[in-house]
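Here are some friendly notes to read alongside the model. Keep the 3D view open and follow the points one by one.

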Amino acid sequence: MKLSNKTLSKLIKGACYFEIKDGYLSSYRFSKTQIEHISQNKCDKDWLTYALMSGPQRIEFKTSSTEISFDYKASKSHANNTIDLYIDNVLYSVYHINDTLKGKVEFFLPQGQKMVSIYMPCESTVQIKNFTINGGYKSVKKSEKKVLIIGDSITQGAGPEVASLAYADAL
C-alpha cells in the first residue's frame with residue numbers, strides 16, 4: 001500500500017511544517033514563518049541550514065507489515081547520516097546515506113504486530129516519496145508532553161554515529 005504524502009505527514013513526529021515539491025514530501029521542525037524569518041533577517045547561514053535539517057523527526061506507526069520502502073533525496077551527505085529503523089523501541093536496522101544523495105530505502109521487518117519508528121538524519125534535509133508498506137497501519141497517538149531543548153550543534157543532532165542516538169532524541 002502506497003501512502004499519500006498527506007497521510008505520511010500525519011505519521012511524522014517532530015515536524016510542524018510540510019511542503020510537497022516534485023512529489024517529494026519535505027518536513028520541517030520549524031514553522032514556515034520561523035524559516036522565513038531566519039532566511040530574511042540575515043542570521044548566521046548555519047541557522048538556516050540547521051532549521052531545514054530533518055532530525056530529530058521520525059515516522060511512527062503500528063503495523064503487521066514485513067516490508068517498508070521509500071524513495072529519498074538528501075541535501076548533503078555526512079559520515080554520520082543515517083536513517084534508523086526501530087521496532088518496538090529497539091534499534092533494528094540502520095541505512096547509511098553516505099555519498100548517495102538520492103536513492104531507495106528498503107527495510108524488511110519481522111512477522112507480527114509491531115511499533116515502527118523511522119528516524120531521519122540529523123545533519124541533512126531529507127525529502128521522501130513513494131512511501132510503501134505491504135500491510136495495514138495504525139497511527140500512534142502524539143505525546144501530550146512538549147519539551148523545548150536549547151543548545152548548540154550537539155543539541156541540534158550533530159555528531160552521533162547513528163541519527164537516533166542524538167541526546168535530544170533520547171529525551
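1. Which residue stands opposite Tyr24 in β3? Lys21 stands opposite Tyr24. Before you look for the pair, note that this is a predicted model, where local features need pLDDT of at least 70 and side-chain atom pairs count only at pLDDT 80 or more, while totals for chains, interfaces and linings use all residues. Residues are numbered from 1 along each chain as its sequence is written, and side-chain values use heavy atoms, with hydrogens and water left out.

2. Now the overall picture. The protein has five helices and 11 strands; these are DSSP runs numbered from the N terminus (helices are H or I, at least four residues; strands are E, at least two). Of its 171 residues, 44% are buried, meaning under 20% relative accessible area, with exposed over 50% and partly exposed in between (1.4 Å probe, protein chains only).

3. Next, trace the open sheet: its five strands come in the order β2-β3-β10-β5-β8, with antiparallel pairing. Two strands count as paired if DSSP finds at least two bridges between them. At the edges sit β2 (17-21) and β8 (102-108), each pairing on one side only.

4. Look at β3 (residues 24-28) within this sheet. Five of its five residues are buried: Tyr24, Ser26 and Tyr28 on one side, Leu25 and Ser27 on the other. In a regular strand the side chains alternate between the two faces of the sheet.

5. The neighbours of β3 deserve a look too. Five bridges link β3 to β2 in the antiparallel sense, and the hairpin of these strands has two residues between them, with Asp22 taking a positive phi near 50°. Towards β10, β3 pairs antiparallel over two bridges, and Leu25 stands opposite Ile128.

6. Move along to β5 (residues 67-74), which runs antiparallel to β10 (residues 126-133) and is joined to β10 by six bridges. Here Ser69 has Thr132 as its bridge partner.

7. Finally, why is β9 (residues 114-119) described as largely enclosed by the rest of the structure? Six of its six residues are buried, so the strand is largely enclosed. Lys114, Val116 and Ile118 cover one side, and Met115, Ser117 and Tyr119 the other, all of them buried.

8. β9 also has partners to find. With β4 (residues 58-63), β9 pairs antiparallel over six bridges, and Phe61 has Val116 as its bridge partner. With β6 (residues 82-87), the antiparallel pairing runs over four bridges, and Asp84 stands opposite Tyr119.
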